[in-house]
Amino acid sequence: MTTPQAKVLVIGAGLAGSEAANLLANHGVKVHLVECKRIKALPSQKDNQFAELVCTNSLKSKNPDSGHGLLKYEMEKLGSIILETAYEHEVPAGDALAVDREKFSSAVTEKLFDNSNIEIHHEEVSNPLAFADIYNCQYIIIASGPLTSEPLQNWMTEYISKEDFYFYDAIAPVVDADSLNEEVLYFKDRHKELKEDSSIIADYLNVPLNKEQYLNFIEELVKAEKVPPKSFEKYQFFEACLPVDLMAERGRDTARFSCMKPIGLEQEDGKIPWACVQLRRENLLGDAYNMVGFQTRLTHKEQVRIFRTLPGFEKAEFIHLGSVHRNSFLNSKKLLNSDLSSKEFPNIFFAGQITGVEGYTESSSMGLYAAVQILQKINKKPALQFPITTGIGALINFIMTVPKPVPSSINFGLLPPILLTKDQRKDRKNRKKVKKALASERARAHFDEFIEVNLKELF
Ligand SMILES: Cc1cc2nc3c(=O)[nH]c(=O)nc-3n(C[C@H](O)[C@H](O)[C@H](O)COP(=O)(O)OP(=O)(O)OC[C@H]3O[C@@H](n4cnc5c(N)ncnc54)[C@H](O)[C@@H]3O)c2cc1C
């Protein structure tokens, strides 16, 4: 299909913006990609490359029968630059797709700079319409992310929605591997059995706690000094990403059934600890570990004091500590059409976390989705309805129908249910697994058919 001459302004070269710019440019559309971080870094940003992974280096599961595995399948079919580059810079992390974050971001940046259909501007956009006018762009994608800079947020508050559209998320600490006493820690993956004579070591280093150590630790978390929210904002966390100190406040066993879960982490002598902190490699060298699920509101001083009470952490040095952060997002159901265009300004599309999805892969997939819908517009074709049995379709359906806007990551609960046969239902042990496998199989078949019918000429 030949794409008529068209220009699109993409605001934000994060995950969604990079996907959208790359997809459009690869289909002959001229893209003006604007990114502000080289002239004004936003909170949590650490380097000046595009597609920065601001917290964990993991793009979650590659397992085909998981929600994230499914999303990856669909994104690859749409030519995802994020996944292609992630696989080029993968580091071991069990069944998760983790990357060397610096190499990954640098490579995405280089690919975008090398694309002759993309013109890059290092500027902060405060008025998208005025910016689009300067470069004569017919369409705009706002992919400015959860940390959308203030002038643009002000514009959106004035022209898109009068209501506030932000809440808070939390970030996990990273510890220097050399500062840990590994003698009391042990490598083991919860879901992967390694042969005894295997030279491969597990991807997770575990910190075992007995009952007394765990209860003391929880008590310290509850008592610790926290960073208070700013006066004009109130904390409203994403349930799947709760700060560990908030879990501790909810009940003394809450963390033990969540990020400190010991299941599958028996030690060499066969004993299962009362609770475990899991550490995941941050890079290929393995010289830094992310404390999995340990996002926290604690002050930095309190984090150092309390985390050093963990076994093996007596002399721990932290590369960065945990923190809370803003997360801007729109009430898409109210403000957007299902192709992610604005009801108020039909030529402005939104993509990424700002649409009300949560997570790296989810945000990236929304960039691909918005770009596909713009290609449809440019080619004078109607908006496409992705089947809700697919990962992308289910995410869109979620943000367009959820009664109260609460961001969600991809999971099979968003897809229509699978009906099991009587025999499958009877098999209590395996029925959950079977359901996931069937949902995944159905999704792939529907996605392939959807592409074949609607987008065959493009992908
Ligand atoms: C602190 C933090 C930690 C997170 N941790 C994780 C995690 O561990 N795992 C996970 O799956 N998800 C995490 N998320 C959620 C989310 O998946 C990521 O933020 C993801 O990067 C969102 O992708 P995006 O493309 O929507 O936005 P981003 O990737 O943030 O991209 C937006 C880009 O727009 C630019 N921009 C903003 N305003 C302007 C402007 N006015 N003009 C020009 N450019 C602008 C920004 O500089 C940025 O580069 C986290 C979010 C935050 C804020």
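Student: What makes Tyr289 the bridge partner of Arg281, and in which strand does Tyr289 lie?

Tutor: Tyr289 lies in β13 and is the bridge partner there of Arg281. This is a predicted model, and the bridges are computed from its atoms. Strand β12 (residues 275-281) and β13 are joined by three bridges and run antiparallel. Two strands count as paired if there are at least two bridges between them, so three bridges are enough for β12 and β13.

Student: How do you know that strand β9 and strand β13 pair?

Tutor: By the same test. Strand β9 (residues 174-176) and strand β13 (residues 288-291) share three bridges in the antiparallel sense, and at least two are needed. Within β13, Ala288 is the bridge partner of Asp176.

Student: How many bridges join β11 to β12?

Tutor: Six bridges join them, and the two strands run antiparallel. In β12, Leu279 is the bridge partner of Leu205. Strand β10 (residues 186-187) is joined to β11 by two bridges, again antiparallel. The cut-off is at least two bridges, so two will do. In β11, Leu205 is the bridge partner of Phe187.

Student: Why is strand β11 called mostly covered?

Tutor: Strand β11 (residues 204-209) has six residues, and six of the six are buried. Tyr204, Asn206 and Pro208 point one way from β11, Leu205, Val207 and Leu209 point the other way, and all are buried.

Student: What makes Ala51 buried or exposed?

Tutor: The count of C-beta neighbours. A residue is buried if 20 or more other C-beta atoms lie within 10 Å of its own. Ala51 has 26 such neighbours inside 10 Å, so it counts as buried. Ala51 is in the loop between β2 and β3 (58-61).

Student: What is the phi of Ala51 near?

Tutor: The phi of Ala51 is near 50°, which is positive, and Ala51 is a residue other than glycine. Most residues other than glycine have a negative phi.

Student: Which strand holds Lys60, and what is its phi near?

Tutor: Lys60 is found in strand β3. The phi of Lys60 is near 65°, again a positive value in a residue other than glycine. Lys60 has 23 C-beta neighbours inside 10 Å, so Lys60 counts as buried.

Student: Why are β3 and β4 said to stand at the edges?

Tutor: Their sheet is open, with three strands in the order β3-β5-β4 and antiparallel pairing. β3 and β4 (90-91) each have a single partner strand, so one side of each is left without a neighbour in the sheet. Two bridges join β3 to strand β5 (residues 96-99), and in β5 the bridge partner of Ser58 is Ala98.

Student: Which strands are the edge strands in the open sheet of five strands?

Tutor: The order of that sheet is β6-β2-β1-β7-β16, and the pairing is parallel. The edge strands are β6 (118-122) and β16 (348-350), since each pairs on one side only. From one strand to the next, the twist averages 20°. Three bridges pair strand β7 (residues 139-142) with β16 in the parallel sense. There, Ile348 of β16 is the bridge partner of Ile140.

Student: Which residues come nearest to the ligand?

Tutor: There are 36 residues around the ligand, and Gly12, Gly14, Cys55, Gly145 and Gly352 come nearest. Elements giving two or more residues to this shell include α1 (15-26), β2 (30-35) and α11 (360-378). The largest share, three residues, comes from α1. By class, the shell has 17 nonpolar, 15 polar and four charged residues.

Student: How do you know that the protein is as compact as a globular protein of its length?

Tutor: The protein has 14 helices and 16 strands. Its radius of gyration is 23 Å, close to the 23 Å that the globule rule gives for 459 residues, so the protein is as compact as a globular protein of that length. Along the principal axes, the C-alpha atoms fill a box of roughly 65 × 55 × 40 Å. Of the 459 residues, 46% count as buried.

Technical notes. Residues are numbered from 1 along each chain as its sequence is written. This is a predicted model: local features need pLDDT of at least 70, side-chain atom pairs count only at pLDDT 80 or more; totals for chains, interfaces and linings use all residues. Helices (H or I, at least four residues) and strands (E, at least two) are DSSP runs, numbered from the N terminus. Axes are lines fitted to C-alpha atoms, for helices over the stretch in contact, and angles run from 0 to 180 degrees between N-to-C directions. The radius of gyration is taken over C-alpha atoms; the globule rule is 2.2 Å times the number of residues to the power 0.38. A residue is buried if 20 or more other C-beta atoms lie within 10 Å of its own, exposed if 12 or fewer, and partly exposed in between; C-beta atoms are placed from the backbone. A residue is near a molecule or strand if its C-beta atom, placed from the backbone, lies within 6 Å of it. Ala, Val, Leu, Ile, Met, Phe, Trp, Tyr, Cys and Pro count as nonpolar, Asp, Glu, Lys and Arg as charged, and the others, Gly among them, as polar.
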